[in-house]
Amino acid sequence: MVTTTLSPTENLAIGCLGGAVESTLQMPIVTYKFCSQEGRAFPKTVGGWYRGVFLQASTVAPITAVQFLLNGIFQQFIVSSFRSSNNRERTLSDLETLSAAFAAGALSGVCYGPVDLVTIQQQKLRASPLATVQMLVKDYGARSLFRGLSPTIVRESLYTAGYLGLSPVIAHKLMQKSTSSKIDRDEYQFPLFGNNPFLARIVGACIAGTFAAIATNPADCCKTLVQSDMTGETFPNARVAFLNMWRGQVAGGIRRVWRGLGPRTVRLSGAFFVCISFQEIAIDWKTKRKGPWS
């Protein structure tokens, strides 16, 4: 797996664009996920589907940009710190690609926690983003904005490892040429994908999105429950939320952990495809121009 050829500024720009586009396109899916996890009715109007879209897009975009930036920084750190035997820069292994993305996601989770909390509370209070923040700070204190931070970090580390690690790794594997002596080296291992990067990215995004959704949904569900209960009477933290579901003390029992898995899988697959497509297009365009953006 090769390291990115984008500069920090370019990573920020691509991450910001990809995050804004995917979050705006998929806001109804996000709303449906929140509703299914909390057990409240799905809005019946288009306006209700998109309530909170400005906050979601305007905050997901810079967070995705930060994830792209941190991922690039970690990749460059790995390449420069662990050079090849002849002391030349080398490409990243698949494991290193996943590790860099995982670390980038963990750091970005600190920013994303308050965003999700305000989005959830905004939909419940039906207030503007600023008014929601003001009410939360007034009623529960500034620290309340970081409720559910731990499960958010878990979710974001696995999520980012999916879309900046696993998704491109799978896509590149599908487009690799054969290394077998029994097959012409100019032939692709998977001819269907070799000459069709668009299809390879779709398949990579769907596989990685499904894996990431299954891996992150328990943490995401616990986070949503904790952030929807600002008083902490029912769900003081993610551990208690999970244990209460495991013991059947919450309606739906442990099966509630998987509420929202369907829409989350669709949302993640779409997000992975959009973000990685923007990144690949930018890399290809920059390579053809043989120079940095101007």
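The legends below describe close-up views of a predicted model.

Residues are numbered from 1 along each chain as its sequence is written, and side-chain values use heavy atoms, with hydrogens and water left out. Local features need pLDDT of at least 70 and side-chain atom pairs count only at pLDDT 80 or more, while totals for chains, interfaces and linings use all residues.

View A. A cavity is a set of points, on a 1 Å grid over the protein atoms alone, where a 1.4 Å probe fits but cannot get out; lining residues have an atom within 4 Å of a point. Points are joined across faces, edges and corners, and the volume is the space filled by probe spheres set on them. Of the 17 lining residues, Tyr112, Arg155, Glu156, Arg264 and Arg267 lie nearest the centre. Elements giving two or more residues to this lining are α2, α4 (53–81), α5, α7 (149–174) and α11; the largest share, four residues, comes from α4. Helices are DSSP runs (H or I, at least four residues), numbered from the N terminus. By class the lining has six nonpolar, three polar and eight charged residues. Ala, Val, Leu, Ile, Met, Phe, Trp, Tyr, Cys and Pro count as nonpolar, Asp, Glu, Lys and Arg as charged, and the others, Gly among them, as polar.

**View B. The salt bridge of arginine 267 with glutamate 22.** The closest N and O atoms of this pair are 3.1 Å apart. Arginine 267 sits in helix α11 and glutamate 22 in helix α1 (residues 8–25), so the pair links distant parts of the chain, 245 residues apart. The structure holds eight salt bridges (a side-chain nitrogen of Lys or Arg within 4 Å of a carboxyl oxygen of Asp or Glu).

**View C. The crossing of α9 and α11.** The axes of helix α9 (residues 197–228) and helix α11 (residues 261–289) come within 7 Å and cross at roughly 135°. Axes are lines fitted to C-alpha atoms over the stretch in contact, with angles from 0 to 180 degrees between N-to-C directions. The contact of α9 with α11 has 13 nonpolar, seven polar and four charged residues.

**View D. The second largest pocket.** This pocket has a volume of about 170 Å³. A pocket is an open set of grid points with protein on both sides within 12 Å along at least five of seven lines. Its lining includes Thr31, Cys35, Arg40, Lys44 and Arg126.
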